[in-house]
Amino acid sequence: MEDSLINPSLRLPDAIPQADSSVLQIWGGQSLQGHVKISGAKNSALVIMAGALLCSGDCRIHNVPKLADVERMGQVLSALGVRLKRDDTTLEINASELTSSKAPYELVTQLRASFFAIGAILARLGIAQMPLPGGCAIGARPVDLHVRGLQAMGAEVQIEHGICNAYIPGNSRRLKGAKIYLDIPSVGATETLMMAATLADGETIIENAAREPEVVDLANLCISMGAQIRGAGTSTITIQGVSKLHSTEYSIIPDRIETGTFLVAGAITRSELSLSPVVPDHLIPVIAKLRDIGVSIIEEAPDCLRILKTQNLKATDIETLPHPGFPTDMQAPFMALLALAEGDSIINESVFENRLRHASELNRLGADIRVKGNAAFVKGVPILSGAPVLATDLRAAAALVLAGLAASGKTTIQGLRHLDRGYDQLDIKLQKLGAKIQRLSSTDSDAVLSSVK
């Protein structure tokens, strides 16, 4: 692929289809077979792109997934004066001419992760203006932890008319090291404050920090640029600020949620698949629950997993928790799997309060799921049947794809803009495994949708 600058307009690249009115058609019941190449982690890629703002030189980032969210993040950085060049899965970022402290409203409101760049922008320029974030409507995700942390480091922060305005008073234009306690282990707040602290004057300690692998990935990027960070991956992160960071070359970790989704794809279709590259330690709670359900998974190599054919799926209970607990991003895919398991399961969503809307869509396929508050009561059924369904968020879209793979007949899924935000060509990867799945363009899908109304 030829090098290409990321376009600062709202146009998405050819690798990411325009999906607002496209649909996926899935003819279920097909056995899958083969190897899945796992892409770079979405949640790492987005925050690492923000972390590159801390460096005034070149950052060469490898294993960058081809996602709509990555494209939007690139558009945000371009609007700030950052130069970007992409060649397949490698992204070159040069923030030497970071000229603007104000991120564009129309982009940030579509992508929550772009708000996390406020820490890096403030650390570099001494001032930042960031619209309040958007993203999937899966519950309240306030930015108060980010704000209080930046204030503890000496920033003046005000939120007016949907804009977060922050600046460093005085002549030094540097944040001050501080001791910060997070009320909850927020991934976004941990990442924002860790980035801000890398260039602060003095030592910053973040207590009750998020422990997710993506936090560790960001820390490792910053360390590769000369930052002094200890404790990433634990609940206490210590950052000794430095005056400047240097250029680096860095590779993003594999996406643990994509890995988990394909493990569920193997289980729900009773198929045998191999997956690499993976980091098994990032998947401990997911693998444990799959084994509770009766699925056999073996570690063929340090970076390769194989899921074996499973005939009988058993019910189990799940509660989502911050890492190292069961990830909320795997809750929807597991709901699809448990819909076909023998017995009754209970899923408690304790991370986001509005993340069970896919239950009603799974019921359209023949599942027996009852939602009460933040709990879903799943009664396993012997079969699912294809039907037209609507994806309500990113992981809900994945759950409907998985259910469609197992259902008899044809499933038509709308709302692909959600799917393309976080999965790198999921439909193409499934096609290569033998799934009968087809993406229809907006023109073709219009006829399909009118026929099922």
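A: Let's start at alanine 339, which is in contact with Ala367, Val378, Lys379, Gly380 and Val381 once its neighbours within four places in sequence are left aside; contact means heavy atoms within 4.5 Å. This is a predicted model, in which local features need pLDDT of at least 70 and side-chain atom pairs count only at pLDDT 80 or more, while totals for chains, interfaces and linings use all residues. Residues are numbered from 1 along each chain as its sequence is written, and side-chain values use heavy atoms, with hydrogens and water left out.

Alanine 339 lies in the loop between α10 (331–338) and β19 (344–348). Such labels are DSSP runs numbered from the N terminus: helices are H or I with at least four residues, and strands are E with at least two. Alanine 339 counts as buried because its relative accessibility is 1%; buried means under 20% relative accessible area, exposed over 50%, and partly exposed in between, using a 1.4 Å probe and protein chains only. Leucine 362 is 23 residues away from alanine 339 along the chain, yet their C-alpha atoms are separated by 8.2 Å.

Serine 186 also sits in a loop, the one between β10 and α6. Serine 186 counts as buried because its relative accessibility is 17%. Its contacts, not counting residues up to four places away in sequence, are Leu145, His146 and Ala210. The side chain of serine 186 also reaches the backbone nitrogen of glycine 188 at 3.5 Å. That is a polar contact: a pair of N or O atoms within 3.5 Å, where within protein one must be able to donate a hydrogen and the other to accept it, and residues adjacent in sequence count only if both atoms are side-chain atoms.

Leu145 and His146 lead us to helix α5 (residues 144–152), whose buried residues are Leu145, His146, Val147, Gly149 and Leu150. Among the elements covering them are α4 (118–125), β8 (156–160), β9 (163–167), β10 (179–181) and α6 (187–198). After α5 comes glycine 154, with a positive phi near 100 degrees.

Now for helix α1. UniProt, in an unreviewed entry, lists Lys42 and Asn43 under "binding site"; its positions are given in the numbering used here, feature names are shortened, and annotations may be inferred rather than shown by experiment. How does their accessibility compare with the cut-offs? Lysine 42 is buried because its relative accessible area is 7%, whereas asparagine 43, at 29%, is partly exposed. The two side chains make a polar contact at 3.0 Å. Not counting residues up to four places away in sequence, lysine 42 touches Pro65, Leu67, Asp69, Asp255, Leu394, Arg395, Arg421 and Gly422, and asparagine 43 touches Glu214 and Asp329.

Helix α1 packs with helix α2 (residues 68–79) at an angle of about 5 degrees, with the axes 10 Å apart. Here axes are lines fitted to C-alpha atoms, for helices over the stretch in contact, and angles run from 0 to 180 degrees between N-to-C directions. The two helices α1 and α2 are therefore roughly parallel, a word for angles under 35 degrees; over 145 is roughly antiparallel, 65 to 115 roughly perpendicular, and the rest oblique. Lys42, Ala45, Leu46, Met49 and Ala50 of α1 make the contact with Asp69, Val70, Met73, Gly74 and Leu77 of α2.

Strands come next. Four of the five residues of strand β6 (residues 90–94) are buried, so β6 is largely enclosed by the rest of the structure. Strand β4 (residues 58–62) pairs with β6 in the antiparallel sense over four bridges; pairing requires that DSSP finds at least two bridges between two strands. Cysteine 59 has isoleucine 93 of β6 as its bridge partner. Strand β5 (residues 83–87) is also antiparallel to β6, over five bridges, and arginine 83 is partnered with asparagine 94 of β6.

Finally, four strands form an open, mixed sheet in the order β3-β15-β17-β16. Its edge strands, β3 (33–37) and β16 (297–301), each pair on one side only. The twist averages 20 degrees from one strand to the next. Helix α8 (residues 256–268) packs on this sheet, touching β3, β15, β16 and β17, and its direction makes about 170 degrees with that of β15.
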